[in-house]
Amino acid sequence: MPFSVDYNFHFKEAIEALKAEGRYRSFFNLARSVGEFPYAYDAENNNRKVVLWCSNDYLNMGHHPDVINAMVETTKQMGAGAGGTRNISGTNAPLVNLEQELADLHNKEAALVFTSGYVTNDAAIATLGKLLPNLVIFSDEQNHASIIEGVKKSGVEKHIFRHNDVEHLEQLVSSIAPNRPKLIVFESLYSMSGTVANVNAIVEIAEKYHALTYMDEVHAVGLYGKRGGGIGDELNLMERVDIIQGTLAKAIGVMGGYIAASKEIVDVIRSYASGFIFTTAIPPALAAASIASIKYLKSSNVERERLQDRVGLLKHKLYEKGINFIPNNSHIVSIVVGEPNLTRKASRMLLEEYGCYVQPINYPTVPRGTERLRVTASPAHTDEMIDQLVIALDTVFENLLIKQAA
């Protein structure tokens, strides 16, 4: 009898291992309703109304009438899909206009849109590694999985510097021969801790040692700066960063990723990155909706100011209750629990007993032993909602005997 492999046994075993560790991921089926954010409906439990506390649509621009109208009207005019890759009929007027809008947002010569932020980092960093002979990449230890994947695929020598430790970065960069190409890759704002990079110091090191800089602004675009260009915009450093990477899927409220840089860098990524060349372009409607959101946020600070007010109040209330969170100067509130099963139970209790939806964050998104609840306030969260969440967190932690480290 021929030998056979029980494939399903191995798959089931892998899933059971995740469940045993407490990090099996469950997806919450939400029905969001325009005009009701931050409320949503639990589609699997009689459409029970809950309050969202973990949305990455930070400013609720996904529900903004300008954005919705742009998407609907463009779909009516141009159809649902792009029709192909960028070089096979997929390039369309809204997409070209979007790239011009993004270049303007970041004070760059050009921009290039990808299907997601993950694909952008993966493709762009890997391509730079293949194009620059003898390149060395320096990457922050807390960089996103997409950056890590891009660095791996580049196949070049890499050095990991301690999180936000610019002295360690300079030690590493200065140890490399001056004539070797260098690329420093970092995030302006780290989404799981909320910490903000010392962009000025990193840029100075790069200029001192003739390195290129690649800054991921995914969790900052739309939220910081005079026009929503991100941390680089807020610090007036965009021109000194070589490559800015961002997303259209968070504060912009739509979908897609991009880089903004010099014409030469954008052209070479466009011409060599397989993650761009062989992928269908984003639909015209997504591009038009993104343009509407970006244009609105370039001229309106109301949402940004309200968000910071809400975040400040939330942090103050948590501090009063003795609930510890990672200190930072950003809108991300990370409450470390430190154990996967307890984190999952806390999330479930918050949802089932208090109607507060906060997704648990476990390994590999964060290191083992740092499992957390990542809370994102929005301009729409009221004082009453904030009070309700803080009281719920305090009660749940007490019931589960969760003792946070000071």
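This report looks at packing, rings and charges in a predicted model.

## Ground rules

Residues are numbered from 1 along each chain as its sequence is written, and side-chain values use heavy atoms, leaving out hydrogens and water. Because the model is predicted, local features need pLDDT of at least 70 and side-chain atom pairs count only at pLDDT 80 or more, while totals for chains, interfaces and linings use all residues.

## The nonpolar cores

A nonpolar core is a set of buried Ala, Val, Leu, Ile, Met, Phe, Trp, Tyr and Cys residues joined through side-chain atoms within 4.5 Å. Buried means under 20% relative accessible area; exposed is over 50%, and partly exposed lies in between (1.4 Å probe, protein chains only). The largest core has 87 residues. Within this core, W53, L98, I184, L314 and F397 touch the most other members. A second, separate core has 23 residues, including A123, I147, Y214 and F276. In soluble globular proteins, nonpolar side chains tend to be buried together.

## I184 and V173

Contact means heavy atoms within 4.5 Å. Setting aside residues up to four places away in sequence, I184 touches F138, F161, L169, V173, I202, I205, A206, A211, L212, T213 and Y214.

V173 sits in helix α7 (residues 166-174). Helices (H or I, at least four residues) and strands (E, at least two) are DSSP runs, numbered from the N terminus. V173 has a relative accessible area of 0%, so this residue is buried. Beyond its neighbours within four places in sequence, V173 contacts F138, K182, I184, I205 and Y209. From V173 to A211 is 38 residues in sequence, but 8.6 Å in space, C-alpha to C-alpha.

## Paired rings

Rings of Phe, Tyr and Trp (its six-membered ring) pair if their centres lie within 6.5 Å; planes under 30 degrees apart are stacked, over 60 edge-to-face, and the rest tilted. The model has two aromatic pairs by this rule. In one of them, the ring centres of F114 and F276 are 5.5 Å apart and the planes meet at 65 degrees, so the pair is edge-to-face. F114 belongs to strand β4 (residues 110-114) and F276 to helix α11 (residues 274-277), 162 residues apart. F114 is buried at 2% relative accessible area. F276 is buried too, at 8%.

## Charges over rings

A charge sits over a ring if NZ of Lys or CZ of Arg is within 6 Å of the ring centre and within 35 degrees of the ring normal. K19 lies over the face of Y24, 4.8 Å from the ring centre. The charged end of K49 sits over Y39, 4.6 Å from the centre of that ring.
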